[in-house]
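Biologist: Please take a close look at one part of this model for me. I would like to understand the place where the two chains meet.

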Amino acid sequence: MARTLITAPSSARRGEVITLRVLLQHPMESGFRVGADGQLLPRDIVRHFSCSYNGERVIAVELFPAIAANPYLEFSALALDSGTLDFVWEGDRGFRHSEQRTISVA
Amino acid sequence: MKRRALVMAAGIVVLPPAWATPEALAAAIRSFTGGEPLREGKVQLDVATLVDNGNTVPVTVSVPGAPAAEVAALALFNERNPQSDVLRVDFGPRAATRSVSTRIRLATSQQLVAVARLADGSCWVQRVDVVVTLAACIE
């Protein structure tokens with residue numbers, strides 16, 4: 001179970017632009033580094049992140065080995081109705097992690 | 001003889017990994033733009049031009065002031081990491097501003113290339129040269 005840090009407002013005004021910041025604890029092993037035994041360390045990265053708001057896409061990001069460890073993303077969404085924000089990370093070795101936040105829009 | 005073999009073996013082990021070539025960078029950009037000619041402007045890449053630590057470099061790619069529906073996708077490429085791609089972003093109907101921030105790795109001083117693909121198919125580019133004092137451990 002990966003640890004995450006998600007900054008999302010729990011309430012917003014209708015039509016407000018909300019800033020979302022997400023950070024996932026993950027080594028993002030690039031597959032280009034050499035270990036102590038001289039062998040290449042196998043790649044283990046998060047390849048894909050997506051965020052949806054009540055089932056509708058906010059953002060979809062394709063990540064590559066040049067993303068730093070503990071991938072951090074900051075983006076924004078338009079608050080139109082109350083509901084849930086879904087955050088999903090997918091990566092190598094069958095990695096998958098999802099988080100959910102609720103938001104009430106007045 | 002044994003020592004020479006050892007030295008040779010060591011030489012093989014410490015060979016640096018191949019850096020991405022300008023051709024690889026051009027190919028990566030082409031796969032994103034679909035061969036559309038690149039024009040300067042519109043897209044903005046915010047990154048410090050002097051980077052202390054290449055292991056985690058904050059960057060922001062955005063298309064400031066663009067109507068939400070106008071920008072289809074953003075991408076960031078690098079010149080001299082082992083792989084040219086850094087990040088590709090698709091925006092959905094719920095996205096507000098066309099802006100994304102993250103932290104990246106830089107293997108050495110190099111050029112970063114931000115590309116925006118607009119809904120009408122045109123592609124816009126900004127290139128920024130950055131100097132890295134402490135390189136990332138090879139991505």
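Modeller: Here is a walk through the interface, from its overall extent down to single residues. Keep in mind that this is a predicted model.

Start with the head count. On chain B, 29 residues are in contact with chain A, and 32 residues of chain A take part. Next comes area. The size of an interface is often given as the accessible area lost when the parts come together. Between chain B and chain A, about 2700 Å² is buried. Carbon and sulfur atoms give 55% of that area. Three arginines of chain B stand out: B:R94, B:R103 and B:R105. They supply 31% of the area that chain B buries against chain A, more than any other three residues.

B:R94 forms a salt bridge with A:E56. Their closest N and O atoms are 3.1 Å apart. Across the interface, the rule finds two salt bridges. It also finds 18 residue pairs in polar contact, with both residues at pLDDT 80 or more.

Which elements of chain B give two or more residues to the side that touches chain A? They are β6 (85–91) and β7 (99–104). β6(B) gives the most, with seven residues. The residues on this side of chain B divide into 12 nonpolar, 10 polar and seven charged.

Now look at β7(B). Two bridges join it to strand β6 of chain A, residues 72–78. The two strands run antiparallel. Within this pairing, A:L73 has B:T102 of β7(B) as its bridge partner.

Key:
Residues numbered from 1 in each chain as written. Chains lettered and ligands numbered in written order. Predicted model: local features only at pLDDT ≥ 70, side-chain atom pairs only at ≥ 80, totals over all residues. Heavy atoms only, no water. Contact = heavy atoms within 4.5 Å. Buried area = accessible area lost by both parts, 1.4 Å probe. Salt bridge = Lys/Arg side-chain N within 4 Å of Asp/Glu carboxyl O. Polar contact = N/O pair within 3.5 Å; in protein donor to acceptor, adjacent residues only side chain to side chain. Helix = DSSP H or I, 4+ residues; strand = E, 2+ residues; numbered from the N terminus. Nonpolar A, V, L, I, M, F, W, Y, C, P; charged D, E, K, R; others polar. Pairing = 2+ DSSP bridges.
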